[in-house]
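Dear colleague,

I am passing on the structure we spoke about, and below it you will find an account of what came out of the analysis. Please read the text with the model open beside it.

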Amino acid sequence: MTTLLCLRTAVTVVFGAIALPSAASELFSESSGTLTTRNYYLDRDYKGATPISAVREWAQGFIFRANSGYTEGPLGFGLDVAGFTGVQLDSSPDRAGTGLLAYDPVTRDARHEFSELGLTAKAKISETRLAFGTIQPQTPVVFGSPARLLPQTFRGVSVSSREIPKLALEAAYIDQVNQRDSSGYEDIVLAAPNGRFRPGTTSDRLVYGGGEYELKSNLMLKYYRAQLEDVYVQDHVGLLHIGDLGVGKLKTDLRFFDSRDDGRALGGSVDNRYIGGMFTWLVGRHGLGAGYMELHGDTALPYLGGGEPMVHSEGTMSSDFMNPNERTWLVRYDYNFGDWGLPGLNVMARYLRGSDIDLPALGGRSLNESSKDFELAYAVQSGALKGLGLKLRTNRYRNNLSRAASFRDANETRVNIDYTWTLW
C-alpha cells in the first residue's frame, strides 16, 4: 500500500487541478509528465584487510515528474511536482551502505522502501523565472547529484534569467538537502572523506549565484560563487571552447576553484585552489582526451556531502582525487557506434593517476592513487522501446593510503536499467 504512496499523491495533486476553471487550466497547455523506472545494482568489492569486505545492493526506483506550464499574462504562475520511491530488492546488514537505499547506521538494516514528494511553486515574467520549494541545481558550485537510485534535491528559492542575449544568470538560497538515500530533509553537510575536514559539519544556509556567457558560438565563459555559511566560500571560473583543427575539433575545458573558510569555520580551516584542464580531440565518432588537475593550499577542495565536486575527475566511482596537494593526470577515450548501425551505443575508457597526496594521518606526504574506469551505455533511439537505457560501469581503484582512509582499494561494478514513459 505504501510503496507507491508518493507517486499516487503526486498524480492527485497534478490531475486534481484539472477541475479548476478554464482560465487556470492554461497551466496545462504546456505541461509535461514522465515516469522513470530505474533498476540499479551496485557492487563495491574491497581489497585487502577492511572492516567491511564489500557493499552490495540491488534496488528499484520510481521517479515521477509533472511540470506545469504558466498561467497567461505578464506574470505567469505554475507548479511542478516530483515523486520519488525506492524499493529494496536485495540487501543485508553486512553489505549495506551503497548509497542506493536508506539504512539504519547502527543495525545497518536497509529500509524495504522509502519515498519523498517534492513541490515547486514557480513564477515567470519575461525571461526571468522564480522557483520556490524543491530545486535541483546543476552548477559547478552546487550540483544536485543524480548518480544513485534517486536524485539529490534541495529546498530553497532560486531565480534564473535570460533577459540579456547569450547570458544566463542564476542565484539561489537553500536551507535543507534531501540526500539520494533519504526520504527527509536535513541540514546541508560538508563532505569530509579521508578526514579532510571536521566530520558531521553542517549548515542551514547555502547561497550561490553566477552565470554563463556565450562570448562566441564556440566559446563559453562561466563564473559562480557559493557560500556555505560558517563553513566555506568558493569561487569558480570556467572556460569551454571548441575549435577547428586540420582534422577534427579540439574541445578545451578549463576550470578553476578558489575556496576558503567562512565565518566561524565550523569545518575547520579551508584553504584550496584547484586548477584543471581537459583537452579532447574529436574526430568523427571518436573522442581522445588528456587532462591534468592540481590542488594548492593547506587543505583539500571542499564540496557538499552526498554529491561530487564538478572537477575533471567527475564520474569516478571510488574516489574524487581531491586530496590536499594532489596532482592528477588522466586520459580518456570515447566512441559512438553510430557508424556501425548502432546509434545510441557508446563506450568510454579512462585512466587517472593522482600523486603527491598530503595526508600525514593516513600514511604520509607523498601518497598516490589510481583508477581505471570503463562504461558501456545504450539508449534505444526509436520504436516501441524508445526511452529504454542500459548502462554498465566498472572501476578498479587502488591507493597506498592507510587502512583508515575513506577511499580504499576496490573493484566496483554498477548496472542500471532506466525506462522513461512520457505520460502526457
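Strands, in what follows, are DSSP runs of E with at least two residues, numbered from the N terminus, and with that numbering N325 lies in the loop between β15 (286-296) and β16 (327-336). Please keep in mind throughout that this is a predicted model.

Two loop residues deserve a look at their backbone. For N325, phi is near 70°, a positive value in a residue other than glycine, and D230, with phi near 65°, likewise has a positive value without being glycine. D230 is placed in the loop between β11 (219-228) and β12 (232-244). Are these two residues buried or exposed, or do they fall in between? Because buried means under 20% relative accessible area, D230 counts as buried at 15%, whereas N325, with a relative accessible area of 28%, is partly exposed.

On the surface there is a nonpolar patch, formed by F374, L376, Y378, L390, L392, V415 and I417, which together have about 490 Å² of accessible area. The elements that contribute two or more residues to this patch are β18 (364-379), β19 (388-399) and β20 (410-422), and of these β18 gives the most, with three residues. F374, one of the patch residues, is found in strand β18 and is partly exposed, its relative accessible area being 34%.

Turning to the open spaces, the second largest pocket holds about 860 Å³. Its lining is made up of 33 residues, and those that lie nearest the centre of the pocket are D80, A131, Q136, S158 and S160. Which strands supply at least two residues each to the lining of this pocket? They are β2 (54-67), β3 (75-90), β4 (113-125), β5 (128-135), β6 (153-161), β7 (167-178) and β10 (206-216).

The lining of the largest cavity comprises 12 nonpolar residues, four polar ones and one charged.

With best regards

Methods:
Residues are numbered from 1 along each chain as its sequence is written. This is a predicted model: local features need pLDDT of at least 70, side-chain atom pairs count only at pLDDT 80 or more; totals for chains, interfaces and linings use all residues. Side-chain values use heavy atoms; hydrogens and water are left out. Patches are made of residues with over 30% relative accessible area and no salt bridge: like charges are joined within 9 Å, nonpolar side chains (Val, Leu, Ile, Met, Phe, Trp, Tyr) within 5 Å. Accessible areas come from the Shrake-Rupley method with a 1.4 Å probe; for residues, only the protein chains shown count as cover. A salt bridge is a side-chain nitrogen of Lys or Arg within 4 Å of a carboxyl oxygen of Asp or Glu. Helices (H or I, at least four residues) and strands (E, at least two) are DSSP runs, numbered from the N terminus. Buried means under 20% relative accessible area, exposed over 50%, partly exposed in between (1.4 Å probe, protein chains only). On a 1 Å grid over the protein atoms alone, a cavity is a set of points where a 1.4 Å probe fits but cannot get out, and a pocket is an open set with protein on both sides within 12 Å along at least five of seven lines; lining residues have an atom within 4 Å of a point. Grid points are joined across faces, edges and corners, and a volume is the space filled by probe spheres set on the points. Ala, Val, Leu, Ile, Met, Phe, Trp, Tyr, Cys and Pro count as nonpolar, Asp, Glu, Lys and Arg as charged, and the others, Gly among them, as polar.
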